Amino acid sequence: MIHSLLDTQLLLFFIAFPVVSTILLYSISTFLYKHRWKAIHLSVQGSAIFYVIAVILLLEKLIQISIIGCALIFIILVLAIILIIQWKTKTEVVLKDGLKVLTRICFLLFGVIYVLLISYEIIQMIYIIYMD
């Protein structure tokens, strides 16, 4: 009983934490840097990993299949494509720049998927409550 309660609470924490981390990182970086766009970039890059984790957990809850391997392969492929494009355009590969672009892409992609999955969960919960 306690184990399932702990799993549920931990799952809810990781699902709700991306939004909180984005807002918190934006507030802290705005206070530190006083530059709005730098604060936005820092908060996006810092909270992208939390959106990836939340989407993986939501999809695993929804389809009952472990997809962490597929997500990691997808992220590595996107990084490879970014580095190849960087190599072709600049003839020099800087991993730090590639990782920055990767985190921004992951934030956009997984952020949209996160919003869609949360919306689906809310609609499903409303449907279950009012149809029973």
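Student: How do H2 and H4 cross, and at what angle?
Tutor: This is a predicted model. In it, the axes of H2 and H4 come within 7 Å and cross at roughly 45°. That angle makes H2 oblique to H4.

Student: And is that crossing left-handed or right-handed?
Tutor: H2 passes H4 in a left-handed crossing.

Student: What span should H4 have, and how far apart are its end C-alpha atoms?
Tutor: Helix H4 covers residues 95–131, which is 37 residues. At 1.5 Å a residue they should span 54 Å, and the end C-alpha atoms are 52 Å apart, so the two values agree.

Student: Which residues of H4 are buried?
Tutor: Among them are Gly98, Leu102, Cys106, Phe107, Phe110 and Tyr114. Leu117 and Glu121 are also on the list.

Student: New topic: how many aromatic pairs are there?
Tutor: The structure holds five aromatic pairs. In one of them, the rings of tyrosine 51 and phenylalanine 107 have centres 5.1 Å apart. Their planes stand at 90°, so this pair is edge-to-face.

Student: Which parts does that pair tie together?
Tutor: Tyrosine 51 belongs to helix H2 (residues 36–63) and phenylalanine 107 to helix H4, so the pair joins parts that are 56 residues apart in sequence.

Student: Are tyrosine 51 and phenylalanine 107 buried or exposed?
Tutor: Tyrosine 51 is buried, at a relative accessible area of 8%. Phenylalanine 107 is buried as well, at 18%.

Student: Which residues do ring pairs link into a cluster?
Tutor: The cluster consists of Phe13, Phe14, Phe17 and Phe50.

Student: What about charges over rings: where does the charged end of arginine 36 sit?
Tutor: It sits over the ring of tryptophan 37, 5.4 Å from the ring centre.

Student: Now the backbone. What is phi of lysine 34?
Tutor: Phi of lysine 34 is near 60°, a positive value in a residue other than glycine. Most residues other than glycine have a negative phi. Lysine 34 lies in the loop between helix H1 (2–33) and H2, and at 65% relative accessibility it counts as exposed.

Student: And where does threonine 91 lie?
Tutor: Threonine 91 is in the loop between helix H3 (68–90) and H4. Its phi is also positive, at about 55°, although threonine 91 is not a glycine. Threonine 91 is exposed, with a relative accessible area of 66%.

Definitions and conventions:
Residues numbered from 1 in each chain as written. Predicted model: local features only at pLDDT ≥ 70, side-chain atom pairs only at ≥ 80, totals over all residues. Heavy atoms only, no water. Helix = DSSP H or I, 4+ residues; strand = E, 2+ residues; numbered from the N terminus. Expected span 1.5 Å × (residues − 1). Buried < 20%, exposed > 50% of the residue type's maximum accessible area, 1.4 Å probe, protein only. Phe/Tyr/Trp six-rings, centres within 6.5 Å; stacked < 30°, edge-to-face > 60°. Lys NZ or Arg CZ within 6 Å of the ring centre and 35° of its normal. Axes fitted to C-alpha atoms, helices over the stretch in contact; angles between N-to-C directions. Parallel < 35°, antiparallel > 145°, perpendicular 65-115°, else oblique. Left-handed = near helix turned anticlockwise from the far one by under 90°.
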